[in-house]
Amino acid sequence: MKRRELFGTTAKAALATAFASLGFGKEATARAAGAPTALDFPDRHVLPTPTPPFAGVIQPNLLDSTPAWPPTIAPPSGSPNVLLILIDDAGYGSNSVFGGIVPTPALDKLAQRGLRYTQMHNTALCSPTRAALLTGRNHHNVGYGNIAEAATGYPGYDSVTGPEAAHVAMTMKENGYSTAWFGKNHNVPTWEATPAGPFTNWPIGQGYDYFYGFVGGDTSQWQPGNLFRNTTPIHPYVGKPGWNLVTAMADDAIDYINTQTATNPKRPWFIHYAPGATHAPHHPTPDWVEKISAMHLFDDGWNKVAERIFENQKRLGVVPPNAKLPPWPDFLPRWETLSANEKRLYLRQIDIWAAYMAYTDYEIGRVIETIETLGQFDNTLIIWVCGDNGMSAEGSLNGTPNEVAYFNGVALTVEQMLPLIPVWGTDRTYNHFAVPWAFAMDTPCRWCKQVASHLGGTRSGMVVTWPNRIKDAGGIRNQFHHVIDIAPTILDAIGIPQPNMVNGIAQRSYDGVSMVYSWDKANSEAPSTRKTQYFEIFGNRAIYHDGWMANTVPPAPSWEGVRARVPTDVMNGYQWELFNLAEDPTQTNDLAAKEPERLRMMQELWLIEATRNQVLPLNNSQIPVLTVERPGPATGRTRFVYTAPMTSMQFGVSPSILNRSYRITAEIEVPQAGANGVLVTQGGRFAGYGLYIKDGKPTFTLNLLGLERPQWQSSEPLAPGKHTIVFDWTMDSQGMAVGRGGTGVLSVNGKQVAQRSLPKMLPFIWQWDETFDVGLDTGTSVDDSDYQVPFAFTGKLGKITFELGESSLSPQSIHAMMEELAKKRDR
């Protein structure tokens, strides 16, 4: 008897036609449908791709049936690997490709084989640029109007990139790419930056198969306390003197590329490579410090360095012939006015930073050499964005050995820092250079990081190579573009459609446009496809439109931080400037008085763009964003209980003891042999606190920026048995809303053993890259003279309890602080 197929020929043909209309089968036609080797490029605007219908034949008996495998999702044939590199805190003139005096041979080599873009732009700040780069949307549209640690409860600022704005990595993954992220991730909401999750806003939840990097704004390159592999905290530096994250990150990326190539050489990969360099702390290895210092690159001082960079830029053709070097700001000292000690300190600061830049370039070069060795360079699209913002001025006018001090409003004197010159850049410093170096490295642009109103905050160099496609080796492109244009460019280059639906969620359209049009030499002078772009960070704002830029004037320098005297009326309290960038590329000739109507039109256009992109409400002060209460497991709680050792909990999920009274109670048991070790700690060498047993004696230490380490300690060691140790801090009832002093009392088994009062406390934040740990310490200790990590507690941990009093912070007190600073500005 003739067997009957379950699907007739007509029915199967109809199904095949229906699924072809959905985009299936365009690549599979080259191979037998259902074969194990069959590939399928979805070519769809809706992701992920549903499973296609079974293409074989099923009969009652296996021998009479025909198997068929679902096709493997794959991008179009010949799709390139993509390496997207982003350097941190680096100005336009910070590398040798764009005229800088620091040698960056890896970047130089790429520029010779590809294109240099002279008018790429960022947002002027870390998290916002990264969110815009990886999603193709303006930063406020994806919740990053500020850094993650400064999130506030408004759509443009809440640090939550919703599912309606999928990362480009998600699109590429759903089109057959393997995807990975190495290095800095400054785009996890602080209340989710924990090994306990949720992980929706971590790389593995946003389309990346693999993540090796740190979560936060920066980290020690010697002892990164916030380093993760996927979602697991790791501490690979322990027991390895000289270990450095810059090298370790390159090693991990090289291993990943080798593994991907050996396992499946036909599957392309997408890698986002984002070193912590050259953001503070500047932590190069000693050999690079020696190499760069021996070159004496900066001995003539910042004014001559800026002039030399500008001359280089003119010679290289990376600034227009009509560009002028802006006058040196009168609010910064000229080099010739400095003392010998000031020069000695400032030269050491910039030599360390330059060594960090050169070291990073070398390690990225090793990654690229691996791609070449594997024979994949010609078909790898490399996009190297030379800065997520302009050079940072967050080191204060004199620089600092401890960046945590800047965010607490503390600036050190030259005399305080001179003894630290020999250890500058080692793990004994969390270092940053003096402000004038930022202005020199931003040549030829005015201002610096955080200042979105001026090109010194927002202008980046960029290099793009892809030998199989880009043939104008060494070419220069001057079209005005923004980092939001990079994601659309990648998809356009590969031939992957921008999705309008991902995981069932309708997608917000890309704000970016493709730059592929500019790759061919014939289009080297083509008009830019980006006609308009707004900018805003901390109230400093600008609008670019058809070659013109209107921008506000910073009311206070960014390096004043929490002490900045800024107007409370952010919308109306700013002066505006107007520049014709075609005739005045470096913003030196203000035309606002000559063209008031054009300025008014540009201001209106900025407001339209601001409304469309969720920029409002405007804020220009660090005070409210450093003190705001955010969602998360710590919010609203006054009691926290820990019953077992745990590590790597970042500050957003930990009990906050700043600006309030509090009690810490430790219930422990000491064995017959005695016990030592950490009971609970947060922070580390550069700011933090710790309750621990040292030489058998209960000890509580506050590390106030490494400048003071007040300590409470029992005079007697603990006897074997159970004990209750309590540290009580009673904040003074009167005083400032932040940083108010108080009295601490250490008690053992109900008996007071130490008491001490302090006139002030840390006002805003502990060391952020070191975490809240119970039962041991990671990263670095709060007092190196007392112990070294991990210093695990050797007794039995019963329970650690935090009880928090009412905070001295309130909307009213924060508003009063801002009003007081504004009044000082008006005096």
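Tutor: What follows goes through the salt bridges, then the cavities, then one surface patch. The model is predicted, and the values below are computed from it.

Start with the pairs. Side chains of opposite charge can pair when their charged atoms come close. In this structure, 30 salt bridges are counted.

Take Lys-449 and Asp-89, whose closest N and O atoms are 3.2 Å apart. Lys-449 sits in the loop between α11 (435–441) and α12 (455–458), and Asp-89 in the loop between β4 (81–86) and α2 (105–113). The two are 360 residues apart, and the pair links distant parts of the chain. Lys-449 has a relative accessibility of 2%, so it counts as buried, the limit for that being under 20%. Asp-89 is also at 2% and counts as buried.

Another salt bridge joins Arg-113 to Glu-372, with 3.0 Å from N to O. Arg-113 belongs to helix α2 and Glu-372 to helix α8 (residues 340–373), so this pair ties together parts that are 259 residues apart in sequence. Arg-113 is partly exposed at 26% relative accessibility. Glu-372, with a relative accessible area of 28%, is partly exposed as well.

Glu-604 and Arg-600 form a salt bridge, at 2.7 Å from N to O. Both residues are in helix α14 (residues 596–612), four residues apart, which is about one turn of the helix. Glu-604 is at 42% relative accessibility and counts as partly exposed. Arg-600 is partly exposed too, with a relative accessible area of 39%. Elsewhere, salt bridges with shared partners connect Asp-88, Arg-130, Lys-184 and Asp-388 in one network.

Now the empty spaces. Rolling a probe the size of a water molecule over the atoms shows where empty space is left. A search of the whole structure gives eight cavities of 30 Å³ or more.

The largest cavity holds about 290 Å³ of space. Its lining is made of 21 residues, and those nearest the centre are Ile-147, Glu-149, His-186, Glu-394 and Phe-407. Helix α15 (residues 622–627) supplies the largest share of this lining, three residues. Sorted by class, the lining of the largest cavity has ten nonpolar, six polar and five charged residues.

The second largest cavity holds about 160 Å³. It is lined by 15 residues, with Phe-538, Ala-556, Ser-558, Ala-564 and Asn-620 nearest its centre. Eight residues in the lining of the second largest cavity are nonpolar and seven are polar. No charged residues are found in that lining, whereas the lining of the largest cavity has five.

Last comes the surface. Met-571, Leu-607 and Leu-616 make a nonpolar patch of about 220 Å². Met-571 is placed in the loop between β19 (548–552) and β20 (576–580). With a relative accessible area of 34%, Met-571 is partly exposed, and this value passes the limit of over 30% that a residue needs to be part of a patch.

Key: Residues are numbered from 1 along each chain as its sequence is written. This is a predicted model: local features need pLDDT of at least 70, side-chain atom pairs count only at pLDDT 80 or more; totals for chains, interfaces and linings use all residues. Side-chain values use heavy atoms; hydrogens and water are left out. A salt bridge is a side-chain nitrogen of Lys or Arg within 4 Å of a carboxyl oxygen of Asp or Glu. Buried means under 20% relative accessible area, exposed over 50%, partly exposed in between (1.4 Å probe, protein chains only). On a 1 Å grid over the protein atoms alone, a cavity is a set of points where a 1.4 Å probe fits but cannot get out, and a pocket is an open set with protein on both sides within 12 Å along at least five of seven lines; lining residues have an atom within 4 Å of a point. Grid points are joined across faces, edges and corners, and a volume is the space filled by probe spheres set on the points. Ala, Val, Leu, Ile, Met, Phe, Trp, Tyr, Cys and Pro count as nonpolar, Asp, Glu, Lys and Arg as charged, and the others, Gly among them, as polar. Patches are made of residues with over 30% relative accessible area and no salt bridge: like charges are joined within 9 Å, nonpolar side chains (Val, Leu, Ile, Met, Phe, Trp, Tyr) within 5 Å. Accessible areas come from the Shrake-Rupley method with a 1.4 Å probe; for residues, only the protein chains shown count as cover.
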